[in-house]
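Here's a quick briefing to read with the model open beside you. Take a look at the sequence and the structure, then work through the notes below.

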There are 2 protein chains.
Amino acid sequence: MAPTTQAGAGTAGTRDRIVEAAAEGFARRGYAGTGLKAILGASHAPFGSLYHFFPGGKEELGAAAIRASGATYRELVEMFFPEGVDVVAATYDFFVGAAEVLVATDYADACPIATIALETASDSEPMRLASAEVFESWLEVLQQRLVEAGVNTATARDVAVELFCAIEGGFLHCRATRTTEALEIAGRAGVARVAGVLPSAP
Amino acid sequence: MAPTTQAGAGTAGTRDRIVEAAAEGFARRGYAGTGLKAILGASHAPFGSLYHFFPGGKEELGAAAIRASGATYRELVEMFFPEGVDVVAATYDFFVGAAEVLVATDYADACPIATIALETASDSEPMRLASAEVFESWLEVLQQRLVEAGVNTATARDVAVELFCAIEGGFLHCRATRTTEALEIAGRAGVARVAGVLPSAP
């Protein structure tokens, strides 16, 4: 019996709740540190529902949680970088916003998938591929906005990847030091870099 | 009975082996993913020795492993950035070397403490503080070499933090995608940035 045949409105809600609870646990305590029992408890789901929706077990749930977190974060990136945005101002706002969220959450909420991505990159192809897909989906937004702002495709790719690295590395430093120093420094550098590759105003 | 009174040459070797095995496990599989049993097995140490050397248990061992990995990696940074080095060439070599190690280890060996630092930043003050200390010890080397090359202290700090973020973010992207793209892009940008802040040659 295929999971989809049983997935009415009620069970679809259960699946979403499981994925949401898993994503939150993996983001905050990592993949190995978040047990299935805790996920089921947080999502008020019966044990059987886990293997009903995720026959591949925790690994399949892990990949689904990575994709779900990734899609939510992509929406955030799109909110900061909507079509037609001033990319320099948006870059500044994104780094400032990331630092503000860190402070507001006591340095807990940073990249939703960095921990699980590092934990699983060498051990699980399904989770590694999900992480790679998610990172690429974020890069696409940045790259696209830079191209629309007149930056050539190759440079837009470079700058998008540089911004990604700056933010991810900044998150790591900020969480460990409980300061916003790295995101401030990396943000200033990122803003200058974006401004530097834009074609001069007419 | 204080641990030090029992720690002769033999037991000191045991402590080092436990820390080494823990550091390797935490770097490869993360903190939660590496059990004490596996660590003791890998270090050929009896169970009692763990609590003898680390009365604080896994958390104390975690902090010791972070500091040990951090010290080894600092030596690597110092090897690439010895006193009097051409900092532009050293920056290039460091990014290239990091990418080569990734490829040679099937994308496993990157930052030795990034995974455990992210996993534990919100849950363990001793491990968070150890991570922060280690990151600062690496930044010190970069910052010092930049100052010796004639860069003012504030800019040297900025560039050191930017390079740190570029490498750490690059490691994350490279491990997830199993490509060296991000370290190549971030490395080119890092080299240009370092070259751009050096005082002009006389």
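What share of the 202 residues of chain A count as buried? The figure is 47%. Keep in mind as you read on that this is a predicted model. Chain A is built from 10 helices and zero strands, and chain A can be laid on chain B by a turn of 180 degrees.

**Chain A as a whole**

- Going from the N terminus, the elements of chain A read α-α-α-α-α-α-α-α-α-α.
- If you draw a box along the principal axes, the C-alpha atoms of chain A fill roughly 65 × 35 × 30 Å.
- Take the contacts in chain A between residues at least 6 apart in sequence: 68% of them join residues at least 24 apart.

**How the two chains are related**

**The side of chain A that touches chain B**

- Chain A puts 38 residues into the contact, and chain B puts in 38 residues.
- Five helices of chain A each supply at least two residues of this side: H2 (9-29), H7 (114-120), H8 (125-148), H9 (153-177) and H10 (181-197).
- H9(A) gives the largest share, with 15 residues.
- Sorted by class, this side of chain A has 20 nonpolar, nine polar and nine charged residues.

**H9 against H9**

- H9(A) and H9(B) pack with their axes 7 Å apart, at an angle of about 105 degrees.
- That makes H9(A) roughly perpendicular to H9(B).
- On the H9(A) side, the residues making this contact include Phe164(A), Ile167(A), Gly169(A) and Leu172(A).
- On the H9(B) side, they include Phe164(B), Ile167(B), Gly169(B) and Leu172(B).
- The class count for this contact is 10 nonpolar, six polar and two charged residues.

- From H9(A), the contact takes Asp158(A), Val161(A), Glu162(A) and Cys165(A).
- From H10(B), the contact takes Glu181(B), Ala182(B), Ile185(B), Ala186(B) and Ala189(B).
- By class, this contact has six nonpolar, no polar and three charged residues.

**A closer look at H9(B)**

- Just after H9(B) comes Arg178(B), with a positive phi of about 50 degrees.

**Two loop residues with a positive phi**

- His44(A) isn't a glycine, yet His44(A) has a positive phi of about 50 degrees.
- You'll find His44(A) in the loop between H3 (36-43) and H4 (47-53) of chain A.
- Is His44(A) buried or exposed? His44(A) counts as exposed, because there are 10 C-beta neighbours inside 10 Å and the cut-off for exposed is 12 or fewer.
- Tyr107(B) isn't a glycine either, and Tyr107(B) takes a positive phi of about 65 degrees.
- The loop that holds Tyr107(B) lies between H6 (87-104) and H7 (114-120) of chain B.
- Tyr107(B) counts as buried, because it has 20 C-beta neighbours inside 10 Å and buried begins at 20 or more.

**Around Leu50(B)**

- Leu50(B) sits in H4 (residues 47-53) of chain B.
- With 23 other C-beta atoms within 10 Å, Leu50(B) is buried.
- Which residues does Leu50(B) contact, leaving aside neighbours within four places in sequence? They are Ile18(B), Leu36(B), Leu40(B) and Ala45(B).
- Ala21(B) is 29 residues from Leu50(B) along the chain, and their C-alpha atoms are separated by 12 Å.

Technical notes:
Residues numbered from 1 in each chain as written. Chains lettered and ligands numbered in written order. Predicted model: local features only at pLDDT ≥ 70, side-chain atom pairs only at ≥ 80, totals over all residues. Least-squares fit on C-alpha atoms with pLDDT ≥ 70 in both. Contact = placed C-beta atoms within 7 Å. Helix = DSSP H or I, 4+ residues; strand = E, 2+ residues; numbered from the N terminus. Nonpolar A, V, L, I, M, F, W, Y, C, P; charged D, E, K, R; others polar. Axes fitted to C-alpha atoms, helices over the stretch in contact; angles between N-to-C directions. Parallel < 35°, antiparallel > 145°, perpendicular 65-115°, else oblique.
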